[in-house]
Amino acid sequence: MALRFEHRATETDTRIVNRVWRTTSDAEETMTSVARTCCHLIVTRTTGRLLVSLRGPETRATTAPVPPAAEFLGIRLTLGAVFRPHPATSIVDSHVSFPVTRPGRVVIGGEDWETPTSRTSSSSCDACATRGCWCPHA
């Protein structure tokens, strides 16, 4: 079954976050990621596993594996927004993974955070901005 994405406008500072999306997978498959000029914070939950990464801007479409029974949450940063200490130029066509310290917790910007969910994404984004993890574009 194809992935169906639910997109919603952000409830947080639009100078930092452009959009929040989520989807789930039924079966193992692959997907084509459209090239984007902005960064995404991606949270992936699979059976017994949590992965959190920051994907950089992409110069071309890429194919990515999709595990079965996975939930994905994406927080798309506004073009020009910076996620410290990983400026977009350092992760073009790449990504950086964040360490998961215990269930539901991840280290971002050197601090231990509750992992964002679709319900908490706005408050998580606001907290990151307040603590200086993300900075709006000029």
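**View 1. The lining of the largest pocket holds 15 nonpolar, 11 polar and four charged residues.** This is a predicted model, where local features need pLDDT of at least 70, side-chain atom pairs count only at pLDDT 80 or more, and totals for linings use all residues. Residues are numbered from 1 along each chain, and side-chain values use heavy atoms, without hydrogens or water. A pocket is an open set of points on a 1 Å grid where a 1.4 Å probe fits, with protein on both sides within 12 Å along at least five of seven lines; lining residues have an atom within 4 Å of a point. The volume is about 750 Å³. Of the 30 lining residues, Trp21, Met31, Ser33, Ile42 and Arg55 lie nearest the centre.

**View 2. The second largest pocket has a volume of about 170 Å³.** Among its lining residues are Arg22, Arg45, Glu71 and Thr117. Strands (DSSP runs of at least two residues) are numbered from the N terminus. E2, E4 and E7 each give two or more residues to this lining. By class, three lining residues are nonpolar, four polar and three charged.

**View 3. The largest nonpolar core has 20 residues.** Buried means under 20% relative accessible area (1.4 Å probe, protein chains only). Val52, Leu54, Leu77 and Phe98 touch the most other members. Strands supplying at least two residues each include E5 (49-55) and E9 (95-98).

**View 4. Another core, of five residues, lies apart from the largest one.** Trp21, Ile42, Val66 and Ala70 are among its members.

Terms used
A nonpolar core is a set of buried Ala, Val, Leu, Ile, Met, Phe, Trp, Tyr and Cys residues joined through side-chain atoms within 4.5 Å. Buried means under 20% relative accessible area, exposed over 50%, partly exposed in between (1.4 Å probe, protein chains only). Helices (H or I, at least four residues) and strands (E, at least two) are DSSP runs, numbered from the N terminus. Grid points are joined across faces, edges and corners, and a volume is the space filled by probe spheres set on the points. Ala, Val, Leu, Ile, Met, Phe, Trp, Tyr, Cys and Pro count as nonpolar, Asp, Glu, Lys and Arg as charged, and the others, Gly among them, as polar.
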